[in-house]
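Subject: Structure handover

Hello,

Please find the structure below. My notes on it follow.

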Amino acid sequence: MIQESGLKGKTAIVSGGSRGIGRAIVKHLCACGVAVAFTYVKNGDQAQELMEQIQASGGRAAAFQLDVRDFLKAREFVEKVKNDFGRLDILVNNAGITRDKALMMMTGPDWLEVIDTNLNGTFNLTRNVIVGFLKQKSGDVVNIASVSGVAGLARQTNYSAAKAGIIGFTKALAKEVAAYNIRVNAVAPGFIETDMLSGLRQEYRDEIIKRVPLGRIGRPEDVSGVVEFLLSQQANFITGQVIVCDGGLFIQ
Amino acid sequence: MQPEVLEKEIRDIIAQVIEKEPEEVLPEARFYEDLGVDSMMALEILAAIEKKYKIAIPEEKLAELRTLKETVAVARQYLNEKEGQNV
């Protein structure tokens, strides 16, 4: 028998939802009937516009300004979402930044900011939702990692370290909470058409496209589709996994 | 609620979660050292108490659930607050 996704009526938090992959995840989950609370740091206008767009199409979304580096603010935010929405079923840790440089040019702040937002931010939100998930004996976490954390990318030692950290976190937590009916998975996108790629020189883009077996740069929707799958009932027996979504670039 | 009734009910909850006989859960037996409770079991105890008495105990209180006696005291505190609100 074909199963439905089972996502309708659930409530989710998506960090870093105003732009890029996060934005596609917010739209995708809302289209599946999920009520989504998403965070943004600086892009209030884009967050507002997304919220209105979803509300106009009959979905339910709310935008919150949150710097995921702040543990106590993350706690307040999670409590507020639970109060406003009545429950919480899903966490998607997506908020991320890059500060790409060769290691020999990388400064302490370049390193720390990337670890703090990507890795510590994932801890801060997950730590604040996990007790609720354990108590209700249900919940799903999807972390957005990167092929940078799987294969390593030059000029991204900070980002590769943070994303590899997220992958270790995903696997360890999956084992820790599986007995409580909580699944924890990760998606590792390759080159995806977002603001993060906008600074790329045309020659470098052409070079990437040549190397991707599927012959193109990915779309944010390519990633949000995998997130939907991992959160759906079809993925009921999958936990602790990292699904690489990169057009075949890093086939191992 | 009578103090002894509350203690008995919570003793039963704890015994059920940690899969021991209620008689083994002495008022001052230490959960972690004497009864083999782990942090996940402590959370289950807290969640079961919240459900039974329809109260919300903050996560920070988990660290105070170290014996039956202390657990009853925490439950009593939040039951009193709840009853206070209802007046």
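In which strand of chain A does Thr11(A) lie? Thr11(A) is in strand β1 (residues 11–14) of chain A. Helices (H or I, at least four residues) and strands (E, at least two) are DSSP runs, numbered from the N terminus.

Before the rest, some conventions. This is a predicted model, in which local features need pLDDT of at least 70 and side-chain atom pairs count only at pLDDT 80 or more, while totals for chains, interfaces and linings use all residues. Residues are numbered from 1 along each chain as its sequence is written, chains are lettered from A and ligands numbered from 1 in the order in which they are written, and side-chain values use heavy atoms, with hydrogens and water left out.

Back to Thr11(A). Its relative accessibility is 3%, so Thr11(A) counts as buried (under 20% relative accessible area; exposed is over 50% and partly exposed is in between, with a 1.4 Å probe and protein chains only). Leaving aside neighbours within four places in sequence, the contacts (heavy atoms within 4.5 Å) of Thr11(A) include Val34(A), Phe85(A) and Ile90(A).

Next, helix α8 of chain A. The twelve residues of α8(A), 220–231, should span 16 Å at 1.5 Å a residue, and the end C-alpha atoms are 17 Å apart, which agrees. The expected span is 1.5 Å times one less than the number of residues. In α8(A), the residues Pro220(A), Val223(A), Ser224(A), Val226(A), Val227(A), Leu230(A) and Leu231(A) are buried. They are on the same side of α8(A), because they cover an arc of only 155 degrees around the axis, taken from the directions from the helix axis to the C-beta atoms. Among the elements that cover these buried residues are α1 (20–31), β4 (90–93) and β5 (139–144) of chain A.

How do α1(A) and α8(A) pack? Their axes are 8 Å apart, at an angle of about 50 degrees. That makes α1(A) oblique to α8(A). Axes are lines fitted to C-alpha atoms, for helices over the stretch in contact, and angles run from 0 to 180 degrees between N-to-C directions. Angles under 35 degrees count as roughly parallel, over 145 as roughly antiparallel, 65 to 115 as roughly perpendicular and the rest as oblique.

Helix α1(A) also packs with α2 (residues 44–56) of chain A: the two axes come within 11 Å and cross at roughly 15 degrees. That makes α1(A) roughly parallel to α2(A). Among the residues that meet here are Arg23(A) and Val26(A) in α1(A), and Gln46(A) and Glu49(A) in α2(A).

Two loop residues deserve a note on phi. Most residues other than glycine have a negative phi. Arg155(A), in the loop between α5 (147–151) and α6 (157–177) of chain A, has a positive phi of about 70 degrees although it is not a glycine. Asn181(A) has a positive phi near 65 degrees and is in the loop between α6 and β6 of chain A. At 53% relative accessibility, Asn181(A) counts as exposed.

Finally, chain B. Leu68(B) is in helix α4 (residues 68–86) of chain B and is buried, with a relative accessible area of 0%. Leu68(B) and Lys8(B) are 60 residues apart along the chain, and their C-alpha atoms are separated by 9.7 Å. Leaving aside neighbours within four places in sequence, Leu68(B) is in contact with residues including Glu7(B), Ile10(B) and Phe31(B).

Regards
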